[in-house]
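Take a moment with the fold before reading on.

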Amino acid sequence: MKRPNILYIMADDHAANAISCYGSRLASVFQTPNMDRLAEEGVRLSHFFSTNSICTPARATIMTGQYGHINGVRTIGDTWCPEAGPNLALLLQQAGYETAMIGKWHLQCEPVGFDDYKYMCNCHEQGTYQDPVFTEKGFGDVPYTGYVTDIITDMALTWLHRRRGSAKPFFMMFHHKAPHDFWEYAERHEHMFDGVDIPWPDSLFEDRSHRSEASRDYGSSVTPRSKIRSLYADFCKPNYVTGPLTGTEGMSFEEKGIAAYQKYLKDYLRTVAGIDDAIGAVMKELESQGILDDTIIIYTSDQGMYLGEHDYQDKRWSYEEGLMSPFLVRYPKEIEAGTVADALMDNTDIAPTLLDYAGVDAPEAMQGFSQRGMLAGKPDAPKKDAIYFRYWMHLAHKHHNPAHYGIRTDRWKLIFYYGLPLDAVGAVDEESPAGWELYDMQNDPFELKNLYDDPAYADTIRDLRNQLDALKTKLGDTDDKYPELVERRKQSGG
Ligand code: CA
């Protein structure tokens, strides 16, 4: 049997809540018909997680099937060495796939294992929405004119068109810059929200008194929340909103918060609309070549994003909206149309899964496993008991998210904020309070009630902590390397 093509489409900071088939509060005002088509004709995952909710480390994990403490990329400032361990692209290339990387790379190295590449950016840069520069194999830096999502899409279409009729299967990474911060959108989406009010989450004005001291007053906010230690607390300069917020004179605190939220969401969603157009365009090209059903199409994001939930901007926190990413797979040859899978999967599983589709054994050094059977709905497919997650970049980038790690099972989430920079590149060299939080994901899916201090959950906490430590040992991320961390856990009763 001919091996399938693999089209891996990834956005940067795309929250599942901003895809209409995920059915969030936003689905009534914002539709993503092409993403929805992938779900209607394939599988939609409701529990797919990034193990470190930040860009570059997530990308290194996708390429290696390994956690950052193993592949060396725990922070945005770390450099991935593609020759040092497993490399998904190289393995597929060696197996006879024609490989291409098109769009945002964001790993601090040249792409290795790709027959062709046109990428932005390494060297810690994010690239620009307008008139971006791409580094192209054989040509070096090439300037383009126009809107980034459309340029990346044209590049992908051209590459697909040129290889039309090739006997080899292909693996293309088609990576968008959108909807990464300081949103700029295509002119055609300027008026899509005229006269529309975007529904806001109940937690936009959440009282965080249930939280541990470790998280309560940290993080960058959307509203001008006075208690948040955010440099962006001035609502006139919310971090990720394009242009100033006007017409807010005389508004109450709540009204100002909602006005800031409206601008934040409208700018963000307009950039997502551009990606939805891109998906439609590449599907049309595959259809015209008669290879749509021979191609596994994946749509995902490097991690999630807060769209005002808990009054947060950005990602980094391990609450659900940041830890969870969308994950849609269309492959009608083995995935039933319109299925929803609630099994746990994380980004260490991507490389082993894609290798499985290509008939390549995953290297032992990969820490995830193939979820191909789960995606196909096979009841006996191996299942993950829990996701281990960790954020290293303590208080970095003026977003003020404390460093933490934890575990997420199908029912519970246990988070330990250790509040120390340790040796992480870019971490701020100061301590924040240590603390634990427990959430019941079944009865409190929006994480509005931290249960950690409720004695009724003592047994649950003990069991989860044992499971967390067993997972840390299995994955090679134990605390003993850091005596100050061991001490903090001891002091915090853990
Ligand atoms: Ca990202």
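Gly338 sits in the loop between strand 10 (327–330) and strand 11 (339–341). Strands (E, at least two residues) and helices (H or I, at least four) are DSSP runs, numbered from the N terminus. The model is predicted: local features need pLDDT of at least 70, side-chain atom pairs count only at pLDDT 80 or more, and totals for chains, interfaces and linings use all residues. Residues are numbered from 1 along each chain as its sequence is written, and side-chain values use heavy atoms, with hydrogens and water left out.

Gly338 is partly exposed, at a relative accessible area of 47%. The scale is simple: buried is under 20%, exposed over 50%, partly exposed in between (1.4 Å probe, protein chains only). Beyond its neighbours within four places in sequence, Gly338 is in contact with Ala39, Glu40, Glu41 and Gly42. Contact means heavy atoms within 4.5 Å. The C-alpha atoms of Gly338 and Val43 are 5.9 Å apart, yet 295 residues separate them along the chain.

Side chains of opposite charge can pair when their charged atoms come close. A salt bridge here is a side-chain nitrogen of Lys or Arg within 4 Å of a carboxyl oxygen of Asp or Glu. Lys333 forms one with Asp294, with closest N and O atoms 2.6 Å apart. Lys333 lies in the loop between strand 10 and strand 11, and Asp294 in the loop between helix 7 (253–288) and strand 9 (295–301), so the pair ties together parts 39 residues apart in sequence. Lys333 is exposed at 51%; Asp294 is partly exposed at 27%.

Glu334 pairs with Arg372, the closest N and O atoms being 2.8 Å apart. Glu334 belongs to the loop between strand 10 and strand 11, while Arg372 is in helix 10 (residues 372–375), 38 residues away. The whole structure holds 37 salt bridges.

Now zoom out. An automatic or database domain assignment gives domain 1 (5–185 + 263–381) and domain 2 (388–491). About 2400 Å² is buried between them, 54% of it from carbon and sulfur atoms. Buried area is the accessible area (1.4 Å probe) that two parts lose on being put together, summed over both. Arg74, Arg316 and Tyr319 supply 28% of the area that domain 1 buries against domain 2, more than any other three residues. Three salt bridges cross this interface.
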